[in-house]
Amino acid sequence: MAATQQYVYPDQGEIRIEAVLAALADPVRLDMVRQLAASGTEISCSGFDVAVTKSTLTHHLRTLREAGIIMGRQQGTARYNSLRRKDLDELFPGLLQGVLAARR
């Protein structure tokens with residue numbers, strides 16, 4: 001029987017502003033968060049429109065997940081990512097809205 005991979009992300013109370021800001025400081029990760037926010041739903045790993053290799057994409061997803069910005073779920077062979085907007089808005093009111101509204 002194949003083992004299911006566990007994806008670790010912090011509970012809401014463990015999310016730190018320093019980690020969130022550091023993760024959002026990278027232009028590729030910021031673009032990925034903007035794509036998630038614009039979609040209003042989950043995006044599969046292969047559904048992101050970014051010009052990076054698969055291994056680099058995996059790194060960016062892990063960074064966003066470990067910072068508490070996204071969460072992921074596995075469905076068969078596909079992995080779906082969603083923005084933790086409610087958690088972020090409760091912890092840091094206006095932060096995500098301001099970051100997403102900022103000019104590129």
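1. In this predicted model, a salt bridge joins the side chains of Arg73 and Glu42, with 2.7 Å from N to O. Arg73 belongs to strand S2 (residues 70–75), while Glu42 sits in the loop between helix H2 (27–39) and strand S1 (43–44), so the pair ties together parts that are 31 residues apart in sequence. Arg73 is partly exposed, at 34% relative accessibility. Glu42 is likewise partly exposed, and its relative accessibility is 29%.

2. Side chains of opposite charge can pair when their charged atoms come close. The model contains four salt bridges. Among them is the one between Arg84 and Asp87, at 2.9 Å from N to O. Arg84 and Asp87 are both buried.

3. Another salt bridge links the side chains of Glu90 and Lys86, at 3.8 Å from N to O. Both residues lie in helix H4 (residues 85–91); because they are four residues apart there, about one helical turn separates them. Glu90 has a relative accessible area of 47% and is partly exposed. Lys86 reaches 62% relative accessibility and therefore counts as exposed, the cut-off being over 50%.

4. An open sheet is formed by three strands in the order S1-S3-S2, with antiparallel pairing.

5. The pairing of S2 with S3 can be described residue by residue. S2 and strand S3 (residues 78–83) run antiparallel and are joined by six bridges. Ile70 has Leu83 in S3 as its bridge partner, and Gln75 stands opposite Ala78 in S3. The hairpin of S2 and S3 has two residues between the strands. In this hairpin, Gly76 adopts a positive phi near 65°.

6. What does Asn81 touch, leaving aside residues up to four places away in sequence? Its contacts are Leu36, Thr41, Glu42, Ile43, Ser44, Cys45, Phe48, Leu61, Ile70, Met71 and Gly72. One of these residues, Glu42, is also the salt-bridge partner of Arg73. Another, Ile70, is the residue whose bridge partner in S3 is Leu83. By way of a further distance, the C-alpha atoms of Asn81 and Glu14 are 19 Å apart in space, and the two residues are 67 apart in sequence.

7. The side chain of His60 makes a polar contact of 3.0 Å with the side chain of Arg29. Not counting residues up to four places away in sequence, His60 touches Asp26, Val28, Arg29 and Met32.

Key: Residues numbered from 1 in each chain as written. Predicted model: local features only at pLDDT ≥ 70, side-chain atom pairs only at ≥ 80, totals over all residues. Heavy atoms only, no water. Buried < 20%, exposed > 50% of the residue type's maximum accessible area, 1.4 Å probe, protein only. Pairing = 2+ DSSP bridges. Contact = heavy atoms within 4.5 Å. Polar contact = N/O pair within 3.5 Å; in protein donor to acceptor, adjacent residues only side chain to side chain.
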